[in-house]
Amino acid sequence: MKLKVYRYQDGMESPRYDSFELESRPGLTVLGALFQFQEQFDDSLSFNYSCRGAVCGTCGMLINKVPRLACRTQLKPLLRGELKVSLFSYPGIMETIPWDPAKEVLVEPLPHLPVIKDLIVDMDKFFEYYRFVEPVFRTSDLNPEKERLMNPEDVKQLEEYTNCILCAVCFGGCPVVGQNPKYLGPAALAKLYRFHLDPRETTDTSRLEIADIKNGWWACDSYGNCRKVCPKGVPPINAIENAANELKSKKK
Amino acid sequence: MESKIYECDVLIIGSGGAGCRAAIEVSDHNLEPLIISKGLSFKSGCTGMAEGGYNAAFAFVDCDDNLDIHYQDTLQGGGYLNNPELARILVDESPERLVDLENYGALFDRQESGELDQRPFGGQTFRRTCFQGDRTGHEIITALKEEIYRREISTLDEIMVISLLLDDAQSKVQGAVGLSLKDSKLIIFKARSTILATGGAGQIYPVTSNTMQKGGDGFALAWNAGADLIDMEQVQFHPTGMVFPESRKGVLVTEAVRGEGGILLNNKKERFMGNYDDRMELATRDVVARAIYNEIREGRGTENGGVYLDVTQLPAKIILEKLETMLLQFLDVGVDIRKEPMEVAPTAHHFMGGIKIDKWGRSTISNLFAAGEVCGGIHGANRLGGNALADTQVFGKRAGKAAALNASKSSLKLDLNHVNQIKNHLNEIQKEGDIPPHQIKKELQATMWEQVAIIRNEDGLKNALKVLNNLETRLKRMNVPDGSCYNVYLQQALEAENMVQIAKLVTKSALLRKESRGSHFREDFPQTRTDCKKSIIFNKNKGFSFTNR
């Protein structure tokens, strides 16, 4: 099996692809394969990683034209044609080079973010939008001496969104982000909705109003790629649709 | 090599739980902290990877629990090697620090009554571990990060700190020098106080639960600056890490699995823990890790070199709700833990040893503070599961406060000679050689795993020291070509230097401790000796010494 890796650094006119024949090991992940590439083929290959356990959200990449975490994705099932995710197509995932999915695993940087080198993208814009939604806990009951009481059902509902690890995989997988670079994107909006849902905060729609703008809730075209690619099972599209509905019914 | 200069009141190295909590405290004192990280901010620490929970004796579930019992459990679990003053502070302040986290927006699981839920963990008399499913650390680091955004605290990432800066007299820390990994430029950080919150050194072992960044940089920085390091031989091996596949070897399988009722089985499907400890699967981590190691060594392990951890007898609902991360983590590799057992084996997890601190996180060098796993003494010879997250918050806050107070008093006087020495070292390191830096790391890891891991003896340790000394001389032959954008060679070479130094300290300290206590087990000295109830302190300038416990 082969790894076909996107290579780019400052000064190159266009990116190139390096192919590397891998030692086949059972359970080899794309991240493991990249380390093998680095050790045996070219140790100048650059990519980000940290935890190896799908918790830190550092190794988001485009793998076989689907945005995923390199540490979670195994090569063998990919080559067997499994792990297919049917996404609404957009330029960022269209085929640009010849590639044989039965023999090769194609690894490229996440779409919609500028490439710094090889597989490393500049996440600044992603985090700028995340910070735009003011992801900061605000409570009416500031600094109580003791812990609050909470309904366990509420906790469960919130968990669906607190699971987000800010890996930007949904940002790279959203067709709207590609068309409209000012769109806040699924992760930031899901995060905002998480605070709106939190029963410890106010129950009105004031939180949602932060993204009640052209490039906020209303820019989503409901493609649903975000939910399909999220490695942690977060459904940003549900958050966006719920928020939009709540705002609409309030305006009526 | 160009260099940028930053100046701040308090420089915090590391953006994990302890570094973040320290930064919040500094900002509470109206001073400016600056947080720098080797990886991406908030993503490269181990806090976010912690799964099982945070110990605080609220007594919400078991009403007989209290701070004294938490203290006793902590000392007993630590083989009474703990600095009792630090352990006392840990348990006393842990509940308040959890309330702080909730005020930053963190979410913890609740009981029907609305009160916090608490689960059983190893070595604890009562159920006292607060949690959020099996993503407790993720929830904590997320809340801390958001609080840091609220306060608009500055962060810089992808900077590897390569040296602390000292004054002319070599006695006071004045900040640090970092290498920007993005462009290989030097950055000088001038700071009135510096806090090390860099975590441990799991990466000196080939099998570890730690993030890839944890090569003991903070230990090495403190050591080189002349700070005392304490009990470096005490390395905790978490009993349950993944054994399969290779790419995920060592990744943590949380203690919460056993807390929720998971049982350990050998290849004969015998529940073997009863042969080792009455507390069965919930004995302390040192005991469970050695038991598993022994089962494997005596031929009762699985084909992949582990034992089974089984939750198939638990209701699927519990698995889905309380162990969801584990369920997904194993589904990824083709194992449905609702239907079949996991395979697990010990993995290097936590350094109980580290920078010697006082109750305010002060190191033995002026202006240098430390918090979190990089410190030693709190957990003694073995840390209880759930005490590390608490440690980051309790001692993060304390170090932050002390560093802030210190910063308002101390002045800055940079020694330019020292800066030049550091630049020269970087220039020397970048040259053609015949050994790739990752090879040094690999050889070091293999030696540490074979001879300085779960079961140790004098011959093995002496042999390891020989290998490490040899690696040290080979550091000069590392191949480090120039390259300005993400020079992987340079980063690896600097890490290899730190790892050799720390591995040597762990080994030397293990040779000195001629007994078995907590995580340190010597097969040639299998008993715990009352005359050895003392901490081992190493100092670059003064050699080693002991302090009674």
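This is a predicted model: local features need pLDDT of at least 70, side-chain atom pairs count only at pLDDT 80 or more; totals for chains, interfaces and linings use all residues.

1. The same check can be made on helix 10 of chain B, residues 387-407, whose 21 residues should span 30 Å at 1.5 Å a residue; the end C-alpha atoms are 29 Å apart, which agrees. Helix 10 of chain B is likewise mostly covered, since 18 of its 21 residues are buried.

2. How many residues does the contact take from chain B and from chain A? Chain B contributes 57 residues and chain A contributes 59 residues. Between them the two chains bury about 5100 Å², and 51% of that area is on carbon and sulfur atoms. Within chain B, the residues that lose the most area to chain A are K43(B), L107(B) and Y149(B), which together make up 13% of what that side buries.

3. The polar side of this contact can be described in some detail, as there are 33 residue pairs in polar contact between chain B and chain A, counting pairs in which both residues are at pLDDT 80 or more. Five salt bridges are counted between chain B and chain A, and E159(A) forms a salt bridge with R135(B) in which the closest N and O atoms are 3.0 Å apart. The elements of chain B that give two or more residues to the side touching chain A are helix 3 (84-103), helix 4 (136-150), helix 12 (437-451) and helix 14 (488-512). Helix 4 of chain B gives the most to that side, with seven residues. By residue class, the side of chain B that touches chain A divides into 20 nonpolar, 18 polar and 19 charged residues.

4. E102(B), found in helix 3 of chain B, deserves a separate look. Its relative accessible area is 1%, and because the cut-off for buried is under 20%, E102(B) is buried. Leaving aside neighbours within four places in sequence, E102(B) is in contact with F137(A), E147(A), R148(A) and R200(A) in chain A, and with F108(B), R110(B) and L116(B) in chain B. The C-alpha atoms of E102(B) and I140(B), which are 38 residues apart along the chain, are separated by 8.9 Å.

5. Over all chains the structure holds 69 salt bridges, and one of them brings together the side chains of D9(B) and R192(B), at 3.6 Å from N to O. Because D9(B) lies in strand 1 (residues 3-13) of chain B and R192(B) in strand 9 (residues 186-196) of chain B, the pair ties together parts that are 183 residues apart in sequence. D9(B) is buried, with a relative accessible area of 19%, whereas R192(B) is partly exposed at 23%.

6. In the salt bridge of D524(B) with R522(B), where the closest N and O atoms are 2.9 Å apart, D524(B) is partly exposed with a relative accessible area of 33%, while R522(B) counts as buried at 0% relative accessibility. Elsewhere, salt bridges that share partners join R21(B), E25(B), E96(B), R97(B), D100(B) and K397(B) into one network.

7. A last point concerns G305(B), which is placed in the loop between helix 7 (285-297) and strand 13 (307-310) of chain B. G305(B) counts as partly exposed, at 32% relative accessibility. Not counting residues up to four places away in sequence, G305(B) touches V243(B), I296(B) and A345(B). The C-alpha atoms of G305(B) and D336(B), 31 residues apart along the chain, are separated by 19 Å.

Conventions:
Residues are numbered from 1 along each chain as its sequence is written. Chains are lettered from A and ligands numbered from 1 in the order in which they are written. Side-chain values use heavy atoms; hydrogens and water are left out. Contact means heavy atoms within 4.5 Å. Buried area is the accessible area (1.4 Å probe) that two parts lose on being put together, summed over both. A salt bridge is a side-chain nitrogen of Lys or Arg within 4 Å of a carboxyl oxygen of Asp or Glu. A polar contact is a pair of N or O atoms within 3.5 Å; within protein, one must be able to donate a hydrogen and the other to accept it, and residues adjacent in sequence count only if both atoms are side-chain atoms. Helices (H or I, at least four residues) and strands (E, at least two) are DSSP runs, numbered from the N terminus. Ala, Val, Leu, Ile, Met, Phe, Trp, Tyr, Cys and Pro count as nonpolar, Asp, Glu, Lys and Arg as charged, and the others, Gly among them, as polar. The expected span of a helix is 1.5 Å times one less than its number of residues. Buried means under 20% relative accessible area, exposed over 50%, partly exposed in between (1.4 Å probe, protein chains only).
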